[in-house]
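Here is my note on the model you asked about. Please read it with the structure open.

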Amino acid sequence: MFRESEFRPLFCKTYQEFGRSRRASQSYQYTCRMVKTPERILPRKPLHPLEHPRQTSLARTSKPVGRLAPSPTGGLHLGNARTFLLAWLIARRDHGQVVFRMEDLDLTRARDDAARQALEDLKWLGLNWDEGPDVGGPNGPYVQSQRSHIYQAALDRLIDANLVYPCTCTRADVLRAASAPHADDAQPIYPGTCSHRHASEGFALDQLGKSFAWRFRAAGLLVDWTDRVRGPQSHALDRIGGDFIVARSGGVFGYQLAVVVDDAAMNITQVVRGHDLDDSTPRQVLIQEALGLPRPEYWHVGLVLGPEGKRLAKRDQAIKLSELRVSGVFPGQILAMLGRSLGLKWVETDRLPSPMDFLNFEWPEGDVNCADDWTWSSHRLHEV
Ligand SMILES: [Zn+2]
């Protein structure tokens, strides 16, 4: 665990400091050429160092804006609850705002009732938000499936800058052609089969009625970033899949593009999520740089593990908030358990806490253990 003062300077940027639009794209391309050596040797310097000469440091003066961004693909479980509680607390402790955003881009799995359930579950737990699908706000809609026109505009800019190219490979093609060693999660590394294509070839393919995906040019790049929980990070894109998809045929936009565009449009300054998503961050940083968008703070927190030591999944009925609620568990019991797992304290320990109670306590980062995974078992709910 490290203290805020050590890393604060790395995040001292206002939105105005970041290069925008064309200028940012040009600088991106320039950096891209610099680091993509023929031997594909990874450069020692990060792709977009924060000490870029045009980006001088200024203290951030605005209040933080955090987000709760569930995917409505099944009821929320205790792991989701713990991450969302942290996201809420980290924003609220500095009197920041909270945005609720429904991430329902995966329409094959997203379900209306699950979306309603996610809102209800988090309200039941006692969390609130200043903007969201149920309360509105200036930067809506807050449901990703209603924001396609915004993602299309961002994709158009990537196409104009030739930072993406049309890829006609099927998944089987990629698996067959991939020769590089796979990352830990056995994610195939895209071998660059279509990377010779200029982005403009997409229009011709479109006219021919060929389906293709837009891939972001990421192979050979290295991204450095600083995690507020885990410290300095460095990711070689070649180890986590290489060029990645930002949109599929049929107007289906990729998670990475949508999240980056939404975080910027909704003025999000803090992204708090499980550390199983830390491979997403270098991809998102690349898209941010390409579009000239600000980089939020990233907090990749520990996961909740089931009694067998496995990460909780949405198919695990027993640990869903809705199931616990039906079985008579109080939200305060869940909050007390999650609060203890994080080392949080509340003033009146003889009663069940609300999320606000954790804010009443002095909460320096060094005292909160949000880095480690935590193993849940049912008896913990009753350890009050
Ligand atoms: Zn391809």
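1. Ground rules. This is a predicted model, in which local features need pLDDT of at least 70, side-chain atom pairs count only at pLDDT 80 or more, and totals for chains, interfaces and linings use all residues. Residues are numbered from 1 along each chain as its sequence is written.

2. Overall make-up. The chain has twelve helices and twelve strands. Both are DSSP runs, numbered from the N terminus: helices are H or I with at least four residues, strands are E with at least two. Of its 384 residues, 39% count as buried. Buried means 20 or more other C-beta atoms within 10 Å of the residue's own; exposed means 12 or fewer, with C-beta atoms placed from the backbone. Take the contacts between residues at least 6 apart in sequence: 79% of them join residues at least 24 apart. A contact needs C-beta atoms, placed from the backbone, within 7 Å.

3. The sheet. Four strands form an open antiparallel sheet, in the order S3-S4-S7-S8. Its edge strands are S3 (164-167) and S8 (252-253), each pairing on one side only. Strands pair if DSSP finds at least two bridges between them. S4 (residues 213-216) and S7 (residues 244-248) run antiparallel and are joined by three bridges. Trp-214 stands opposite Ala-247 in S7.

4. A buried glycine. Where is Gly-75? Look in the loop between strand S1 (65-68) and helix H3 (78-92). Gly-75 counts as buried because 23 other C-beta atoms lie within 10 Å. Asp-113 is 38 residues from Gly-75 along the chain, yet their C-alpha atoms are separated by 9.1 Å.

5. Helix H5, length. H5 covers residues 148-160. At 1.5 Å a residue, its 13 residues should span 18 Å, and its end C-alpha atoms are 18 Å apart, which agrees. The expected span is 1.5 Å times one less than the number of residues. Asn-162 follows H5 and has a positive phi, near 55°.

6. Which residues of H5 are buried? They are Tyr-151, Ala-154, Leu-155 and Leu-158. Seen down the helix axis, they fall within an arc of 100°, so they line one face of H5. An α-helix has 3.6 residues a turn, so residues three or four places apart point the same way. The face turned away from the buried side of H5 carries the exposed residues His-149, Ala-153 and Asp-156.

7. What covers H5. The cover over its buried residues includes S3, S4, S7, S8, H8 and helix H9 (280-291).

Terms used
Two residues are in contact if their C-beta atoms, placed from the backbone, lie within 7 Å. The arc is that of the directions from the helix axis to the C-beta atoms.
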